[in-house]
Amino acid sequence: MAFEIIGFEIEAGVAIITLNRPDKLNSFNQTMAYEVQSALDYCMEDAAIRCVLITGAGRAFCAGQDLEEAIAPNSASIEEHVESKYNPMVRRIRAIKKPVIAAVNGVAAGAGANLAYCCDIIVAAQSAKFIQSFINIGLIPDTGGTYFLPRIVGMHKAAELMMLGEKMTAQEGKDLGIIYRVFPDGELMEGAMELAKRMALMPTKGLGLIKKALNMSLRHDLDQQLEVEMDLQGRAGRTYDNAEGINAFLEKRKPVFKGE
Ligand code: T3D
């Protein structure tokens, strides 16, 4: 797949989406947002892709909405920006039945921070910063931020991050349980790819079903979720990889999962 702005490569079952407007700190203009959506659609359909990794080119992960585009005379309304650019990205990342990793290489601000938060696993470079910068320009968090952050860190921490708009370091994010691993600068991509390739060899259907269960858990009570677990466990139990996992265990060998 060829794109005008983003990078898109596939390596060892991992699709790497690179936000690529480094002189604008990879802030989202319309074309880049639509390209990310198309790349995610492609990842959804291609069974050979078993893990998706999103990162940024240059010194930033993503500075959110391109503010020059936002105030351009012919710009769409804010509601249209949110509905056409950000909401479809969040919905795709949560719906894709494969793990999505955010490799946050530098500053992640506004919609850029919340793009990372809606991914399944976040790894970050030591110098990366996360900023709910919306309030610094008089806006409220979008891109799913008001949904995910209070559920991840609790109401008061979310309020602090969103209302004060201060920088959070990668280490603080790890201490809060948001970030899986912090890598020294310069070692992020190697570490992120190692993780992504490992996940691309895991039981992909099972990972997709875990993701579905987690999505549903966010809005269910215990009884509803127990029903969900029964249903999804039934589906997991009918996969090739479940049979392979059990056989490999009993035969005392390493399983070879196919993602089927
Ligand atoms: O409006 C709607 O459509 C609704 C949707 C909202 C979603 C949102 O994401 S709202 C939030 C938008 N983002 C921001 O408010 C963040 C703005 N940027 C910053 O606060 C800072 O740039 C950072 C904290 C991210 C990084 O600071 P620093 O000091 O490392 O870099 P810098 O010098 O501020 O920026 C470097 C360049 O990138 C600079 O351009 P120049 O002077 O070298 O030509 C700067 O203007 C440009 N840049 C950074 N962020 C944006 C941007 N250009 C356009 N849009 C940006 N968001």
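User: Why is strand β2 (residues 14-19) called largely enclosed by the rest of the structure?

Analyst: This is a predicted model, where local features need pLDDT of at least 70, side-chain atom pairs count only at pLDDT 80 or more, and totals for chains, interfaces and linings use all residues. Residues are numbered from 1 along each chain as its sequence is written, and side-chain values use heavy atoms, with hydrogens and water left out. Now β2: six of its six residues are buried, so the strand is largely enclosed. Buried means under 20% relative accessible area, exposed over 50%, partly exposed in between (1.4 Å probe, protein chains only). A strand here is a DSSP run of E with at least two residues; a helix is a run of H or I with at least four; both are numbered from the N terminus.

User: Which residues of β2 point which way?

Analyst: Val14, Ile16 and Thr18 point one way, and Ala15, Ile17 and Leu19 the other way. All are buried.

User: How do you know that β2 pairs with strand β1 (residues 7-11)?

Analyst: Two strands pair if DSSP finds at least two bridges between them. β1 and β2 are joined by five bridges, so they pair. They run antiparallel. Glycine 7 has threonine 18 of β2 as its bridge partner. The two strands form a hairpin with two residues between them, and alanine 12 in the turn has a positive phi of about 50 degrees.

User: What makes β2 and strand β3 (residues 51-56) a pair?

Analyst: Six bridges, in the parallel sense. Isoleucine 17 stands opposite isoleucine 54 in β3.

User: Leucine 25 and asparagine 26 lie in the loop between β2 and α1. Is asparagine 26 buried or exposed, and what is leucine 25 called?

Analyst: Asparagine 26 has a relative accessible area of 0%, so it is buried. Leucine 25 has 23% relative accessibility, so it counts as partly exposed. Phi of leucine 25 is near 50 degrees, a positive value in a residue other than glycine. Phi of asparagine 26 is near 55 degrees, also positive.

User: What makes the contact of glutamate 83 with arginine 91 a salt bridge?

Analyst: Side chains of opposite charge can pair when their charged atoms come close. The definition asks for a side-chain nitrogen of Lys or Arg within 4 Å of a carboxyl oxygen of Asp or Glu. Here the closest N and O atoms are 3.9 Å apart, so the contact qualifies. Arginine 91 has a relative accessible area of 53%, so it is exposed. Glutamate 83, at 45%, is partly exposed.

User: Which glutamates form salt bridges with arginine 253?

Analyst: Glutamate 244 forms one, with the closest N and O atoms 2.8 Å apart. Glutamate 251 forms another, at 2.7 Å, N to O. Glutamate 244 is buried, because its relative accessible area is 8%. Glutamate 251 is partly exposed at 49%, and arginine 253 is partly exposed at 34%.

User: How many salt bridges does a search of the whole structure find?

Analyst: The search finds 12. One network of salt bridges links Arg94, Asp120 and Lys211.

User: Which residues form the positive surface patch?

Analyst: Lys97, Lys205, Lys212 and Arg219. Patch residues have over 30% relative accessible area and no salt bridge; like charges are joined within 9 Å, nonpolar side chains (Val, Leu, Ile, Met, Phe, Trp, Tyr) within 5 Å. Lysine 212 lies in helix α9 (residues 204-217). Its relative accessibility is 35%, so lysine 212 counts as partly exposed.

Methods: Areas by Shrake-Rupley, 256 points an atom, 1.4 Å probe, with all protein chains shown as cover. Lys, Arg positive; Asp, Glu negative; His and termini not counted. Charge placed at Lys NZ, Arg CZ, Asp CG, Glu CD.
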